[in-house]
Amino acid sequence: MFDFLDACNIGKVYKDFILISVDDIPDYSAKGVYLRHRKTGLEIYHIVKNDKENLFAFAFRTIEKNSKGAAHIMEHSVLCGSEKYQLKEPFSTLVSTSLNTFLNALTYPDKTVYPGASVVRSDYFNIMDVYADAVFFPKLDHATFLQEGHRLEMDENGKLSIQGVVYNEMKGNYSSFQPIAFSEQISAMFPKSYPAFDSGGDPLDIPSLTYQEFLDFHQKFYNPDNCLLFLYGDIPTEQQLDFIDERFIGRIIEKYKCKNDILHADSKLPVIDPEIAELQKLTLVKKSTEVRSVAPETGSTGELVTMSWYTGTADIEKYFLSEVICGNDSSPLSIALKNSEFGDEISCGNFGQFDQEFFTAGLWGVKKDDEQKVFDLIEKTMSDLYKNGIAQEDIDSAVMGIDFTLREVNRNWGPPSIQIMEKVLKSWVNGKSCVNRLSPITSFEKLKTKLKEDKSFTKKLIKKYFIDNKVVVKFVAEPSKEYFSKRSDAEKNLIEKFSKDIDKAKLKKDLDELHSYQNHIETPEETACIPTTKLCELDPKIDIAETKLEFVCGADGSDIPLFVSEEDTNGLFYIDLLFPFDRLAPNYYQHIPFLSSIITNIGWNGKRWDDCIAESACVMGDVWGRTCCGSVPDSPDCKEYAAKYSDYNFCGRNWIGISCKALTDMAKQTLKLLAEIITTMDFDDKKRFDSLIQELKAEKKAGLVSSGRDYSVKRTRAASSVHQALNEIMWGISQLETVKNYNKKTSAKTLKTFEYIYKECIKSGGIIHITADKDSLLKIKPMLSDFAKEAKITKLLPAVEHTFDDYKHYIVQFEDAVQDNALQIIQVESQTGYAAASSKASGFMTKEAAAEVVFTSWFSNHTLWDKVRTIGGAYGAGAWTDNSDRTLVMTSYRDPAPEKSVEVFIDSLKEISNKQIPAEDIEKTIVSCYGDAIVPSCPKDRGSRSFEGMLYGNPQSFKQKRVDYLLSVTPEDIEKAAKRLYKNVSESCTKSVFCDKKINIGGKKINIPL
């Protein structure tokens, strides 16, 4: 057996893989194994760690200096059929049949990455096999290019339009001010080099990409000697290499005509093709330059005005400096910008997407002609920080924040290994050591030593990066009312240009062939080529997180419920204090979201709000307001569980509260400060409150288009239950109406309302939840009774029951739109849209519910994917059942024709209800749904979900019963589920469309208040 972790084997060869280096990675309790294949040039970096969730990622350096979107279109297209897997879209088949815990493809400005993860080894290798075949042996036929990239479509009247999945996805990206302004800011720092172009593709440039250029792109960049294969987890390196060698190395050598021995096969650093290395070079802006740009007005409240300093290669110094200057709202630069009132929201921090980065400081929502005032303010603030130095509390809070962040494990948008992968690739792609960024904790400890030894260390950093730095960009992005109309005219000109040279008869023939290909429904015999795990191979017993109910003595001598989640938190702890708001009258509920978002940002105990934030930042990792809303599902199991705790009044309630996270070593200080925050909350800083209102309005306006699907779904569900009515009031279009009514003239009155809400909730009693590791719990639990008394937590009072009729008055345009099931139309200026429809589903914790989960998963990944995404050109489509609320939901995402998709949802459901889904497909879908049930969670999330499950009569232990039902689903159950759901939809279905104002569609128009 070859020991890859033995440094004595460096330079030796295993199956033509040379062991280049073995790295100790103590910050991640791991080892790094770096290898290169002598014949293909394929490089592998394996982080060997005791983690059963193994991950692989095929990465390619993909850089071009244009915005035609070849990298993005290629990312989609390689997953649309390959030499070994001759299907329309093996990716969608794999998504719906595997146990993956993560499966995606990602286009970055300098690379394209294909990651997949699983906790089951056989499944992991199955996924890797499909992905390897996709990237090295894709079909890349013309139909795929037309479908995923761009094409001319012709409707029944002969009218032409440009369509394509990537084309429509990017039209969605070009529909709001913020993403475009942000991209233009990056371009300003690196003009004429690859960051100045859109690797995702500009919709006005995408149609100029030819099929031959598309093929050439793959030939240029998808070579094995440009492939970086990242591996992570506990599968031994030898097993990984054996699989790789057996499955695709020989085929790669044959296809790519690999030499017997590549140049620099034993180089200690990554080998990069000279042509690609030339493309990687970054061209910096000329010294002290001012750049102006425009972006769509939608989502803006004014201009983006920033100053950016080029800071070079990312490291812990720059991370620390950014945290000191603008890490939180009380940091000196943040304070200066916020207090200036020149804009709505600050835009500060390191931009580190590439190997080289820059620091940016500025404001969103700046009025025209105030740009120079912002520039002067930033320059003066930087100068003052250098002259006067940084306050020790700002340094301490930055240190605390970084210490916490480096120790915390998060699962933000995938496994924690994805974050490690990104660190490795930032160096690896650019020819640097893979281990270069894998010692953040060690590096920070060294920096802390410098801080202790040199009191002027922070001041020196300011001088180095801001005072002496001459590479500075002053940037202004102006919202343009003409942005969409100009792009629309440009698109029309493109269509007109193409139409002059096109043979419409031939186009119709080509499109008929494409649509025939798209409409082909693959048989189980065809999809059998995708390797899958069988039902009989699954472990029916799943891992269950557990939260225990204990009690501490409250301020009134009563037993206060204490929920304890023991998880491996690595010396950290998370604590939640929740108070019910359901004893209030419903007219107050609309204010809960904003109150929750500002509750720890308005000051306490008579101190200034910024002093309070600075103080908490020196003690805790973070502190924030929290809401928790729901109801006990109408299920005998859930009702029985909730009844067990009826004496304690905590099941099925709506909560507002305060959460924090901290180092266990700081537990005493944290609990003391948390009690102070809860008992001495101030509601008298009108100036601060006015500023927060301004930020809230800017945030809601900025997120209007990107949140379109959520708004649509909430509108369709608003009348389905009391809980969904509350969701619409608090988070939907109705909340935008509430936000609109917040203003400076009435803010003093609003503050009094908030104070009343807060105090009434505190009077209603409270509960405590803590997530921590075993050692931390032993230390902290003895402190919690004193904490409960100090925080004045009292026994929970019972809820006041409210009916749907009590809620409906606070749903915007309820009588006009929601009540009569009309098609609701939400329109803004946008280049993209969303559709949603909802109806009834079966009850929770039943076999019928399990069958509906399986059916909607199949329906999403087959029929809806084919009709709405593949044929319709939307970026995404899906369906699911929320059986806890007895609801079926169907949606589309970044949809060029959402008004059509609403009908496609229903027609598709009708079609499938009259067909029989193959038994093989059903088994594969059950396996996939089982995979969803076993996706690992980070410690914080495990504790939180387990706690919330107890609050709503749905403990994690019930998850096992749902999995048991899932594994017992039969084809007959699926057939009944399809018919049942269609019957429900045909009897009653609420529908909504979020789309551009120019689309003429009948229905009830919902006013957008912002």
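Biologist: Let's start with helix 27, which of its residues are buried?

Modeller: In this predicted model, helix 27 runs over residues 733–741, and its buried residues are Ile733, Ser734, Gln735, Leu736, Thr738 and Val739.

Biologist: And what covers the buried residues there?

Modeller: The cover includes four helices, namely helix 20 (592–598), helix 24 (686–702), helix 25 (708–717) and helix 26 (722–731), and it also includes strand 23 (824–828) and strand 28 (1004–1006).

Biologist: What lines the largest cavity?

Modeller: Its lining is made of 14 residues, with Glu64, Asn66, Ala71, Asp198 and Ser199 lying nearest the centre; by class, the lining divides into seven nonpolar, four polar and three charged residues.

Biologist: What about the second largest pocket, how much space lies in it?

Modeller: The second largest pocket holds about 1600 Å³ of space, and 45 residues line it, of which Ser161, Gln163, Pro896, Ala897 and Lys900 lie nearest its centre.

Biologist: Which elements give two or more residues to that lining?

Modeller: Among them are strand 9 (151–154), strand 10 (160–163) and helix 5 (165–173), together with helix 18 (504–519), helix 33 (847–871), helix 34 (898–913) and strand 27 (990–996), while helix 17 gives the largest share, seven residues.

Biologist: And how does the lining of the second largest pocket split by class?

Modeller: That lining has 14 nonpolar, 14 polar and 17 charged residues.

Biologist: On to the aromatics, how many pairs does the structure hold?

Modeller: It holds 57 aromatic pairs, and one of them joins Tyr641 and Phe958, whose ring centres are 5.9 Å apart with the planes at 75°, so the pair is edge-to-face.

Biologist: Where do Tyr641 and Phe958 lie?

Modeller: Tyr641 belongs to helix 22 (residues 636–644) and Phe958 to helix 37 (residues 957–967), so the pair ties together parts that are 317 residues apart in sequence.

Biologist: Is Tyr641 buried or exposed, and why?

Modeller: Tyr641 is buried because its relative accessible area is 10%, which is under the 20% limit, and Phe958 also counts as buried, at 14% relative accessibility.

Biologist: And what kind of pair do Tyr834 and Tyr893 form?

Modeller: Theirs is a tilted pair, 5.5 Å centre to centre with 50° between the planes. Tyr834 lies in strand 24 (residues 834–840) and Tyr893 in strand 26 (residues 887–893), so this pair ties together parts that are 59 residues apart in sequence. Tyr834 is buried, with a relative accessible area of 1%, whereas Tyr893 counts as partly exposed at 22% relative accessibility.

Biologist: Which ring does the charged end of Lys111 sit over?

Modeller: The charged end of Lys111 sits over the ring of Tyr108, 4.4 Å from the ring centre, and the charged end of Arg653 sits over the ring of Trp655, 5.9 Å from the centre of that ring.

Biologist: Last one, where is Lys380 found, and is it buried or exposed?

Modeller: Lys380 is found in helix 12 (residues 371–388) and counts as exposed, at 51% relative accessibility. From C-alpha to C-alpha, Lys380 and Ala336 are 9.8 Å apart in space, and they are 44 residues apart in sequence.

Notes:
Residues numbered from 1 in each chain as written. Predicted model: local features only at pLDDT ≥ 70, side-chain atom pairs only at ≥ 80, totals over all residues. Heavy atoms only, no water. Buried < 20%, exposed > 50% of the residue type's maximum accessible area, 1.4 Å probe, protein only. Contact = heavy atoms within 4.5 Å. 1 Å grid on protein atoms, 1.4 Å probe; cavity = no way out; pocket = protein on both sides within 12 Å on 5 of 7 lines; lining within 4 Å. Nonpolar A, V, L, I, M, F, W, Y, C, P; charged D, E, K, R; others polar. Points joined across faces, edges and corners; volume = space filled by probe spheres on them. Phe/Tyr/Trp six-rings, centres within 6.5 Å; stacked < 30°, edge-to-face > 60°. Lys NZ or Arg CZ within 6 Å of the ring centre and 35° of its normal.
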